[in-house]
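Read this report with the sequence and the model side by side.

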Amino acid sequence: FPVIMDKYQEQPHLLDPHLEWMMNLLLDTVQDKTSPTSLVHLAFKFLYLITKVRGYKIFLRLFPHEVANVQPVLEMFTNQNPKDHETWETRYMLLLWLSVTCLIPFDFSRLDGNLIAQPGPARMSITDRILHIAESYLVVSDKARDAAAVLVSKFITRPDVKQKKMADFLDWTLHTLAHSSFQTIDGTITMDGVLQALAQIFKHGKREDCLPYASTILECLNNCRLSESNQTLLRKLGVKLVQRLGLTFLKPKVAKWRYQRGCRSLAANLKLSTQGQNKQVPNTGTPDGEEDYDVPEEVENVIEQLLAGLKDKDTVVRWSAAKGVGRIAGRLPKDLADDVVGSVLDCFSFQETDNAWHGGCLALAELGRRGLLLPARLTDVVAVIRRALTYDEKRGACSVGANVRDAACYVCWAFARAYEPTELRPFVAEISSALVIATVFDRDVNCRRAASAAFQENVGRQGTFPHGIDILTTADYFAVGNRSNCFLVISVFIAGFPEYTQPMIDHLVAVKISHWDRVIRELSAKALQNLAWCAPEYCAVQVFPKLLSLTQSPDLHTRHGAILACGEVTCALQRLAAQDGRSVTDYLDEKAVEGLKQIHQQVCTHHCFFYRGLGGELMRQAVCVLIENLSLSKMPFKGDIIIDGWQWLINDTLRSLHLVSSHCRQQVKEAAVSALAALCSEYYLKEPGEADPAVVDALMQQYLTELQSPEEMTRCGFALALGALPGFLLKGRLQQVLAGLRAITHISPKDVSFAEARRDTLRAIARICLTVGVSAEGVPDEVLCEANVPQIYSTLLDCMNDYTMDSRGDVGAWVREAAMTSLMELTLLLGRSRPELIGASVCKRVLCCVAQQASEKIDRIRARAGDVLLTLLHFDSPPLPHVPHREELEQIFPRSDVAAINWKAPSQVFPRITQLLGLPGFRYHVLLGLAVSAGGLTESTVKYSAQSLCEYVKSVQKDPQAMDCLSGTLLQIFEDNLLNDRVSVPLLKTLDQMLATGCFDVFTVVEDHPFAVKLLALCKEEIRKSKDIQKLRSSISVFCGMIPFPGDVRKKVLLQLLLLLCHPFPIIRNTTASHVYEMVLTFGEEVTGAEALDEVIAVLGDTVWDAELPLVREQRNRLCDLLQVPRPQLVSKVTVGC
């Protein structure tokens, strides 16, 4: 039932047709006197669950509330224990039920009869009983306290009760408040209940009844100093009660001076316009004489507390205070209400906290919604709302202000509904631009969506926002969910409308490029590049000088963003100029060009520390991006000394990568490599296709030397740098570069863990191959040709066997992934132009290695291998030559299924991969990969790989030749990987599963089958002198699985098991005994003979196998005799003399 009810939480009104019958059904159980107590409590619990979903206010109406129900409900309270925390739902619902019965239109004294005349002890009247129940439950710690407050509000405000009991009850509440402290738990609970009761009374009671007590209660509330409490709920209730008291002091009337727009309904507005009726004229005139009444002094205290509540640290308190400000202002004279508005506007000072800004926004929205913000105030209000829409204050590693910006959007939404279009027309440009900027450039998705909603409301209600429908169609709720899409795509579309272009650019320059979040700064710089196309002259004349000045800012974030923006805007201006056949200098004057040139020198010369420390990472990355963009922009710096400075920065950055923090390292490395590629292409080319030999030789010598650095990150950087060099620099030096890179891919003891260096080296080799191109008759020092292609293939294929492990796990997977990608790129390159350079043996080895990776256990590697395999298989420009078993492969992986295969899903992949076992060319490598997967740790991978492998083996059991080939390949894999724990341990587990599922049962009909003999020999060799518990336990399972093989091999297997029964490790002895016990029970007399079966089982079951070895050895020897296996002999250690 709770699960069903929870599904209605978002749309509880769907329960309305069913509420009555559900309540009647449950109340019948409650009112049935034969129902056990536990059933009654359960019924009330179900009633509470319904109330929780639908809300008690809706549910109250359905309770039976006849006169006859009063006494039974009161009687039910006599059986309740307020301290029973498991049945609080019963008391909660009873209090709600009682609050409804209190509404009967009869004096309760009529229900009492003549209490004095009745014999026996004096009885309490029904009024006193209800009041006693309410007071007792107002101070309990469970939710019944909330229902008691509702009961009080309904009961005390009755005409017959308020005359006799209201004063006494209020005295009790004031006494309770005065003697309670929010510093204790009990005091907090008591004050919570009393404050709820008072707030409900002043909400539902008549003003004339409550007014005499309001001043006293306000004074008591002031003495409680709730604003100093740490309890959010108490502060909220305090604010709620204060505003109720304020409303009590003021006459309940609608201010005639308030702004009235007329019909708020769109349908009503449309109806009026179609009928040709005149719109209602907003009433902004002066108030009449009726409003010149004296405002009680207490109201000033109330407003002061509400304004303080707007600055509370919790949102619920601020929201309650904002509603209170709106309600109070609606009953004040015009001048006093305007003073309140002025006090609210004081919250928008930069001396105030974000809490005050948020509370101020909520209050302004509430005042505007109620028509209490007159058009004369809009100038001041719009100014502060524009500031609130961009409010963002950094606090430590994060910022505050998202709630302020969200609330500012709510103000704009409220204004759209509150004012006539003529009133807001002077502010349309400001509001629309601010909302558009928040929609596309705000950091938080909630604020972007709130701004989009406010913009939509203004477009619909006001109809004056320029290009509103077009913008809304593009920047809708879902489109603004992606931040990059907002900055880079939607912003370009909106900037196409001239009304928004300049404000968007100005906002990026003034606010976003100096934002505390690095991602926002980078996106802002890219957005400026895109927007520069919409206003190139403005960017060149107005924006660029500002950016150049900001590059010298002492603030790191501003400096970083400005440098990035300078590069991006320059690149955009160059592309615009290139379209007209002009140079970028046609947009930028000499001062701007000189300023760009000086950026690196200023950072390096005057502020050399900017390249060091935490800020150095940002500055290195920013200046490298600047170098790349200036190089791509063909700035006239060829031959200038600044080129040497840029080259020094790039080299120093690549050399210092190990000093960069890990989360920034990749970005800095990529920026430096991209900068080098652009720099060399633009400034090192003297003549078409030629470079300065001296410069190039020095550069190559330095980079090749750095490849041998003891720092892994330095190797990574310079390897990628060599891969990024343009073709004219590699001309005549290709062999030298490839030899240097090839040396890094070889694993040596000192750099075995340098997997990242090997990965980046492989990427560099592939990039070099794509750069230099292919020519079958070419020179090996200039292009790919018959002389150097085999060496490159050999390097890449050797890296497919990199299974390096360290504390990070299988780091060799990075190398294998890069090797697969590089092999694919190289093969496709050769296949397009010179397919004759791809030898048959090379093609087969490439596909086999990729197929092996596609059958292994790491999902990411398997997915990459699958993509590479299918790309090579279905490449048809032209088709690759020498693909082994092409027809069979295309049947297993048809072109139509390429997109449908999820290579990360073991359930989809392994049934297809195992079909490759039928292809002799792929059998060894695929079976090797499957063996590792089936013996792995991941449950889904193990399950589907083992299941697919066993199903395939069983499908070929009737084919002796296929079984011999498969078993021979399996043994060959075992033999090739003896003592290689990466393969041998999972292979033993795989063999165990295959033996257990009967994959090799066809071999059990032959005594001493060669498969069993070879397998036994390999297992013995694998575990000889091993101390690896996992390997030993796997071998035990394999030995037990080999028992069905008849002949001498069975005796030898038993001997191995009996040897393991006396292993030095107790856990191995216990494991062996357990497995042998299960094996004997399974095969019975076939292993032990009819006479010895019971005794063998008894010895195995009764012996304590983790006892001392001499005791265990005695029992083991007894088993040897019973199983007719020679007793193992202890080998005495021979001491060799000198």
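## Annotated spans

Helices (H or I, at least four residues) and strands (E, at least two) are DSSP runs, numbered from the N terminus. An unreviewed UniProt entry annotates residues 845–1031 as "domain: Tubulin-folding cofactor D C-terminal". UniProt positions are given in the numbering used here, feature names are shortened, and annotations may be inferred rather than shown by experiment.

For residues 302–339 the end C-alpha atoms lie 14 Å apart, with 76% helix and 0% strand.

## Basis of the values

This is a predicted model, in which local features need pLDDT of at least 70 and side-chain atom pairs count only at pLDDT 80 or more, while totals for chains, interfaces and linings use all residues. Residues are numbered from 1 along each chain as its sequence is written, and side-chain values use heavy atoms, with hydrogens and water left out.

## Domains

The domain assignment gives domain 1 (508–685), domain 2 (688–838), domain 3 (842–973) and domain 4 (1004–1123). Such bounds come from an automatic or database domain assignment. Taken over C-alpha atoms, the centres of domain 3 and domain 4 are 35 Å apart.

## Salt bridges

Side chains of opposite charge can pair when their charged atoms come close. The structure holds 55 salt bridges (a side-chain nitrogen of Lys or Arg within 4 Å of a carboxyl oxygen of Asp or Glu). One of them joins Arg-417 and Glu-457, at 3.0 Å from N to O. Arg-417 lies in helix H20 (residues 402–418) and Glu-457 in helix H23 (residues 445–461), so this pair ties together parts that are 40 residues apart in sequence. Arg-417 is partly exposed at 28% relative accessibility, and Glu-457 is buried at 16%. Here buried means under 20% relative accessible area, exposed over 50%, and partly exposed in between (1.4 Å probe, protein chains only).

Glu-682 and Lys-634 form a salt bridge at 3.5 Å, N to O. Glu-682 belongs to helix H33 (residues 662–683) and Lys-634 to the loop between helix H31 (613–632) and helix H32 (642–655), so the pair ties together parts 48 residues apart in sequence. Glu-682 is buried at 17%, while Lys-634 is partly exposed at 49%. Elsewhere, salt bridges that share partners join Lys-669, Glu-756, Arg-759, Asp-760, Arg-763, Asp-806 and Arg-808 into one network.

## Cavities

How many cavities of 30 Å³ or more are there? The count comes to 3. A cavity is a set of points, on a 1 Å grid over the protein atoms alone, where a 1.4 Å probe fits but cannot get out; lining residues have an atom within 4 Å of a point. Grid points are joined across faces, edges and corners, and a volume is the space filled by probe spheres set on the points.

The largest cavity has a volume of about 40 Å³. Its lining includes Tyr-793, Thr-827, Ile-838 and Val-842, and helix H41 (residues 840–854) gives the most to this lining, with 4 residues. Domain 2 (688–838) and domain 3 (842–973) each supply at least three lining residues. By class, the lining has 8 nonpolar, 1 polar and no charged residues (Ala, Val, Leu, Ile, Met, Phe, Trp, Tyr, Cys and Pro count as nonpolar, Asp, Glu, Lys and Arg as charged, and the others, Gly among them, as polar).

How values were computed: On a 1 Å grid over the protein atoms alone, a cavity is a set of points where a 1.4 Å probe fits but cannot get out, and a pocket is an open set with protein on both sides within 12 Å along at least five of seven lines; lining residues have an atom within 4 Å of a point.
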